[in-house]
Amino acid sequence: MKYNVLFVILALLLCATAVAAQKPTYGHFVYLPMVVGSSNTTLRPTLVAPTATYTEIFVPIPTPSMTPTPTPGTAILPTSTPTLLMPIETLTPIPTPTSTAMPTSMPPSPTNTPTQTPQPISCPVQFDFDDGYESTYTLAFPILNRHGCTGTANIVPSFVGKSGFMTRDQILTLYHAGWAIGSHSMTHPYLTKITSERVEYEVGGSLAWLNGLGVETNYFAVPYNSYNNNIMAVICSYYDRARISWPNEINQAGADTCIRKSVFTISSTTVEELEAWVDQAIEIEGELILGFHRIDESGVYNWSSGQLEEIVEYITK
Ligand SMILES: [Zn+2]
């Protein structure tokens, strides 16, 4: 009996050990496959689809071969004239323009005509003022007017209305006061450094622009004096006269050519030097064009209003 009891106890211990050995031990292993890299897909945790809503934003990818096309701005002209397209450009002070933008089309042909024919220049010398600076209107205009003279304002349409330059109304005021208005190209480029198509635009487009403003002209002042035979042929197909600015020279009497020479002032030019040119022009009965840029402003092309008054007095005395 004693052995029986011991046997039973031993049997119970064996059973307990066996049961303990059969307890599942893989319960922890079920979750271990969360370790990255497990190939057992059945053990991966279930992903819950996100409930957030996404908005797709389409961003075009530029094509490498794509070339930027300038977007022409709209230039508002007086109410009686058609709206013309011209480039809006960042104004770069003369003489370092950086714009190379070229509109894709020429301005439309104007439909209106000038309301008043400008009076002929009353002085024996032609006064040219290039680029359309505001000082042409505020300083040169009253000085010449005091002495019964008119001048020629050579306009760059893309400069018009910008700070330091004349407005459309000021240009028209000069024109209706008897001044001649000339073209000085659309954007003041070096005409020898641009394509022939662009030359056509600069030369012909500026004429169309001025006509659209209500101004008639047959005069073109070559920007930077940058020209060659081909360019002059283009200019002279649009205008009767094409003014160059170097070397300083008087146009011979009777010369009937499109190319017009001139004598240009810079800040170092003296009144006496211009007086000598005037004397020589009178002596040979030649046509003298005196060229100016800024009046009473900074820069190598500046000339003072006092100097201008002196030379005008000398010519008209
Ligand atoms: Zn110029």
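1. A residue is called buried if 20 or more other C-beta atoms lie within 10 Å of its own, exposed if 12 or fewer do, and partly exposed in between, with C-beta atoms placed from the backbone. By this rule His188 is buried, since 26 other C-beta atoms lie within 10 Å. Buried residues make up 32% of the 317 residues in the protein.

2. The structure is a predicted model, in which local features need pLDDT of at least 70 and side-chain atom pairs count only at pLDDT 80 or more, while totals for chains, interfaces and linings use all residues. Residues are numbered from 1 along each chain as its sequence is written.

3. The secondary structure comes to 7 helices and 10 strands. Helices (H or I, at least four residues) and strands (E, at least two) are DSSP runs, numbered from the N terminus. Two residues are in contact if their C-beta atoms, placed from the backbone, lie within 7 Å. Among contacts between residues at least 6 apart in sequence, 67% join residues at least 24 apart.

4. Ile181 belongs to strand β5, residues 180-183. The residue is buried, because 23 other C-beta atoms lie within 10 Å. The C-alpha atoms of Ile181 and Ala153 are separated by 5.0 Å, although the two residues are 28 apart along the chain. Leaving aside neighbours within four places in sequence, the contacts of Ile181 include Ala153, Ile155, Leu210 and Val215. Ile171, Leu174 and Tyr175 are also among the contacts of Ile181.

5. Gly178, which follows α3, has a positive phi near 105 degrees.

6. Helix α6 (residues 271-284) has 14 residues and reaches 20 Å from its first C-alpha to its last, close to the 20 Å expected at 1.5 Å a residue. The expected span is 1.5 Å times one less than the number of residues in the helix. Which residues of α6 are buried? They are Leu274, Trp277 and Ala281. Seen down the axis of α6, these buried residues fall within an arc of 55 degrees, so they line one face of the helix. An α-helix has 3.6 residues a turn, so residues three or four places apart point the same way. The face of α6 turned away from the buried side carries the exposed residues Glu272, Ala276, Asp279 and Glu283. What covers the buried residues of α6 includes β9 (263-264), β10 (289-292) and α7 (305-316).

7. Axes are lines fitted to C-alpha atoms, for helices over the stretch in contact, and angles run from 0 to 180 degrees between N-to-C directions. The contact is made by Val271, Leu274, Glu275 and Val278 of α6 and by Gln307, Glu310, Ile311, Tyr314 and Ile315 of α7.

8. Helix α2 (residues 134-146) also packs with α7: their axes come within 10 Å and cross at roughly 25 degrees. α2 and α7 are therefore roughly parallel to each other. Here Leu139, Ala140, Ile143 and Leu144 in α2 meet Ser305, Leu308, Glu309 and Val312 in α7.

9. The loop between β5 and α4 (196-213) contains Met186, and His188 is found in the loop between β5 and α4 as well. Met186 is buried, because 30 other C-beta atoms lie within 10 Å. The C-alpha atoms of Met186 and Val203, 17 residues apart along the chain, are separated by 7.1 Å.

10. Some backbone angles deserve attention. Most residues other than glycine have a negative phi, and most peptide bonds are trans. His188 has a positive phi near 60 degrees and is a residue other than glycine. Asp131, likewise not a glycine, has a positive phi of about 80 degrees. Asp131 is found in the loop between β3 (126-130) and α2. A cis peptide bond joins Trp246 and Pro247, with omega about 0 degrees. Pro247 lies in the loop between β7 (241-243) and β8 (259-260).

Technical notes. The arc is that of the directions from the helix axis to the C-beta atoms. Angles under 35 degrees count as roughly parallel, over 145 as roughly antiparallel, 65 to 115 as roughly perpendicular and the rest as oblique.
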